[in-house]
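I opened a new page for this chain.

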Amino acid sequence: MPKRARWTAPSRRSVATSKLLGFLESRKNLTGSACGIAGLALTFTGLAGPYWPVVVAGLYGAGALIAPPERPAPPDFPDPSAQLAELRVDFGKLREYLDGVELPPAAAGRLTELTEVLTALLDPGWVAEVLAQDPESVHALSRTVRQDVPEAVDTFVRTRWWTRLAPGTEPPERHLERQLTVLQEESDRIAAALRETEARRQESHTRYLEDRGRSQ
């Protein structure tokens with residue numbers, strides 16, 4: 001068997017060297033150094049007099065104080081387009097899972113209607129481009145694909161097994177149908193909101209063209 005690489009903690013010297021390099025490259029040091037060089041220039045011209053070390057140190061300190069603070073880079077989160085690409089992959093996994101589950105006809109029909117809406121919204125193209133501009137809708141669809149639908153179907157499968165042992169209880173497919181109905185209505189609202197967005201864009205372009213025509 002190949003030997004596993006042994007992890008060693010960084011030495012104090014390497015940590016100190018990294019901190020030193022970080023300070024040398026910092027804005028405070030660069031600005032202070034620039035001001036200190038200006039103090040040396042005053043010294044060479046004789047303006048600083050015998051107190052030139054104090055002048056140089058003071059200018060360096062002043063430059064370090066007025067330098068803007070270091071700003072850490074913000075985290076690089078994926079944009080909505082990248083999130084949609086990942087969501088399409090997960091939606092494909094969900095469809096494979098659903099293909100292996102046997103559902104009652106009514107629930108299966110409701111699920112088919114829901115997946116058709118999700119497919120239309122997530123397919124690459126101009127619809128997905130409009131969807132990517134609405135992060136809340138992207139989050140809602142992600143929750144539907146990755147959580148709501150799998151949980152609804154899996155809960156139905158497990159509850160159906162218990163119902164066979166205790167007949168006479170409320171059929172679990174009724175809850176499944178209600179859950180899928182709610183999810184489909186939510187997806188329909190997202191599609192309607194995207195349609196309204198495009199309608200407003202068309203109306204805005206019409207007003208722009210009319211205003212431009214009147215101004216000529």
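**Pocket**

I began with the lining of the largest pocket: H5 gives the largest share, four residues. The model is a predicted one, and I kept that in mind throughout. Which helices each supply at least two residues of that lining? I found H4 and H5. I then listed the lining residues: Arg95, Leu98, Asp99, Val101, Glu102, Leu103, Ala108, Leu111, Thr112 and Thr115. The space in this pocket comes to about 160 Å³.

**Overall fold**

I stepped back to the whole chain. I counted eight helices and zero strands. Read along the sequence, the pattern is α-α-α-α-α-α-α-α. Of the 216 residues, 25% are buried. I also checked how far contacts reach along the sequence. Among contacts between residues at least 6 apart, 73% join residues at least 24 apart.

**Helix H5**

I returned to H5 and took its length. H5 has 18 residues and spans 25 Å from first C-alpha to last, close to the 26 Å expected at 1.5 Å a residue. Its buried residues are Ala107, Leu111, Leu114, Thr115, Val117, Leu118, Thr119, Leu121 and Leu122. Two of these, Leu111 and Thr115, I had already noted in the pocket lining.

Is Pro105 buried or exposed? Pro105 is exposed, because its relative accessibility is 75% and the cut-off for exposed is over 50%. Ala107 counts as buried because its relative accessible area is 0%, and buried means under 20%.

Next I looked at what lies across from each. For Ala107 and Gln179, 72 residues apart along the chain, the C-alpha separation is 9.6 Å. Setting aside residues up to four places away, Ala107 touches Leu176, Glu177 and Leu180.

**Helix H8**

Those partners sent me to H8, which runs over residues 172–215. H8 has 44 residues and reaches 65 Å from its first C-alpha to its last, close to the expected 64 Å. Which residues of H8 are buried? I listed Pro172, Leu176, Leu180, Leu183, Gln184, Glu186, Ser187, Ile190 and Leu194.

Leu176 got its own check. Beyond four places in sequence, Leu176 touches Leu103, Ala107, Ala152, Val153 and Phe156. Leu103 is also one of the residues lining the largest pocket.

**Thr144 and Glu186**

Thr144 belongs to H7, and Glu186 to H8. Why does Glu186 count as buried? Its relative accessible area is 18%, so Glu186 falls under the 20% cut-off. Thr144 is buried too, with a relative accessible area of 1%.

Leaving out sequence neighbours within four places, Glu186 is in contact with Ala140, Arg143 and Thr144. On the same terms, Thr144 touches Leu118, Val149, Pro150, Leu183 and Glu186. Leu118 is one of the buried residues of H5, and Leu183 is one of those of H8.

**Nonpolar core**

I then turned to the largest nonpolar core, which has 31 residues. The residues with the most contacts inside it are Leu84, Leu122, Leu131, Leu141, Val149 and Leu176. Helices H4 (80–99), H5 (105–122), H6 (126–132), H7 (135–165) and H8 each supply at least two of its residues. Which helix gives the most? H7 does, with eight residues.

**Confidence**

I closed with the scores. The chain averages a pLDDT of 77, and 60% of the residues score at least 70. Among the elements, H5 has the highest mean pLDDT, at 92. Helix H1 (residues 12–24) has the lowest, at 55. Over residues 1–5 the pLDDT stays under 50. For that stretch the model has zero contacts beyond four places in sequence. Where pLDDT is low, the predicted coordinates should not be read in detail.

Terms used. Residues are numbered from 1 along each chain as its sequence is written. This is a predicted model: local features need pLDDT of at least 70, side-chain atom pairs count only at pLDDT 80 or more; totals for chains, interfaces and linings use all residues. Side-chain values use heavy atoms; hydrogens and water are left out. The expected span of a helix is 1.5 Å times one less than its number of residues. Buried means under 20% relative accessible area, exposed over 50%, partly exposed in between (1.4 Å probe, protein chains only). A nonpolar core is a set of buried Ala, Val, Leu, Ile, Met, Phe, Trp, Tyr and Cys residues joined through side-chain atoms within 4.5 Å. Contact means heavy atoms within 4.5 Å. pLDDT is the predictor's confidence in each residue, from 0 to 100. On a 1 Å grid over the protein atoms alone, a cavity is a set of points where a 1.4 Å probe fits but cannot get out, and a pocket is an open set with protein on both sides within 12 Å along at least five of seven lines; lining residues have an atom within 4 Å of a point. Grid points are joined across faces, edges and corners, and a volume is the space filled by probe spheres set on the points.
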